[in-house]
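Look at the chain below and follow its helices from one end to the other.

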Amino acid sequence: MNVTRKPVHIFFIEHLLYSVYLFIWLVLAVFVIPKLLVRYASVVPPEVAIWVLPAFTMIPIVAVLYFWFPYSAVRLWVAAGNHNDGIGQYAWRVYAAGIFVVFGFLGVMTLFSAGDFFELFHAPHKG
């Protein structure tokens with residue numbers, strides 16, 4: 001894996017800045033999408049409209065937090081080994097391991113729970 005960024009760059013750009021972007025996206029989505037759905041109610045049927053807001057909010061959360069952050073943590077781990085020695089390398093690697101474990105675990109649990117989520121749409125079983 002060729003990592004050219006320093007750990008501090010990965011931290012500020014990929015962890016903090018992307019979190020700010022995600023927050024801005026979610027705020028805009030929560031305030032703008034319902035207004036658009038009301039304005040274009042004749043275009044978007046209610047069966048579709050009920051899924052628009054969750055899709056525009058949950059998909060970015062899952063993509064950024066549960067899949068991009070663990071990948072970025074691996075990049076941070078490698079960059080710490082390439083650019084730091086001693087306590088700096090140890091500190092960046094502890095941070096990267098923590099991010100990987102927490103958000104990686106949440107991503108795996110999200111994948112496992114996706115099957116339960118889609119089972120909600122099946123016709124109820126008559127016994």
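Apart from neighbours within four places in sequence, L53 is in contact with A29, V30, I33 and P34. This is a predicted model, and L53 lies in its helix α2. With a relative accessibility of 27%, L53 counts as partly exposed, because that class covers values between 20% and 50%. V32 is 21 residues away from L53 along the chain, and the C-alpha atoms of the two are separated by 9.7 Å.

**Two residues of helix α1**

E14 is found in helix α1. Is E14 buried or exposed? E14 has a relative accessible area of 1% and is buried, since the cut-off for buried is under 20%. Leaving aside neighbours within four places in sequence, E14 is in contact with R5, H9, W68, F69, S72 and R75.

Y21 also belongs to helix α1. The relative accessible area of Y21 is 48%, so Y21 is partly exposed.

| Pair | Separation in sequence | C-alpha to C-alpha |
|---|---|---|
| E14 and F69 | 55 residues | 7.9 Å |
| Y21 and V64 | 43 residues | 10.0 Å |
| L53 and V32 | 21 residues | 9.7 Å |

**How α1 and α2 lie**

The axes of α1 and α2 come within 9 Å and cross at roughly 180°. The two helices are therefore roughly antiparallel to each other, because angles over 145 degrees fall in that class. What kinds of residues make up the contact of α1 with α2? The residues of this contact divide into 25 nonpolar, 5 polar and 2 charged.

**The nonpolar core**

The largest nonpolar core has 16 residues, and L22, F69, L76, I99 and F103 touch the most other members. Each of α1 (7-39), α2 (46-83) and α3 (87-119) supplies at least two residues of this core. The largest share, 9 residues, comes from α2.

F103 is one of the core residues that touch the most other members. Not counting residues up to four places away in sequence, F103 touches L65, Y66, F69 and P70.

**The loop between α2 and α3**

N84 has its place in the loop between α2 and α3. Is N84 buried or exposed? At 19% relative accessibility, N84 counts as buried, because the cut-off is under 20%. With residues up to four places away in sequence not counted, N84 touches P7, A79, Q89 and W92.

**The whole chain**

How many helices and strands are there in the chain? The chain has 3 helices and 0 strands, and from the N terminus on its elements run α-α-α. Of its 127 residues, 25% count as buried. The accessible surface of the chain comes to about 9000 Å², and 74% of that surface belongs to carbon and sulfur atoms.

The last value concerns contacts along the chain. Among contacts between residues at least 6 apart in sequence, 74% join residues at least 24 apart.

Technical notes. Residues are numbered from 1 along each chain as its sequence is written. This is a predicted model: local features need pLDDT of at least 70, side-chain atom pairs count only at pLDDT 80 or more; totals for chains, interfaces and linings use all residues. Side-chain values use heavy atoms; hydrogens and water are left out. A nonpolar core is a set of buried Ala, Val, Leu, Ile, Met, Phe, Trp, Tyr and Cys residues joined through side-chain atoms within 4.5 Å. Buried means under 20% relative accessible area, exposed over 50%, partly exposed in between (1.4 Å probe, protein chains only). Helices (H or I, at least four residues) and strands (E, at least two) are DSSP runs, numbered from the N terminus. Contact means heavy atoms within 4.5 Å. Axes are lines fitted to C-alpha atoms, for helices over the stretch in contact, and angles run from 0 to 180 degrees between N-to-C directions. Angles under 35 degrees count as roughly parallel, over 145 as roughly antiparallel, 65 to 115 as roughly perpendicular and the rest as oblique. Ala, Val, Leu, Ile, Met, Phe, Trp, Tyr, Cys and Pro count as nonpolar, Asp, Glu, Lys and Arg as charged, and the others, Gly among them, as polar. Accessible areas come from the Shrake-Rupley method with a 1.4 Å probe; for residues, only the protein chains shown count as cover.
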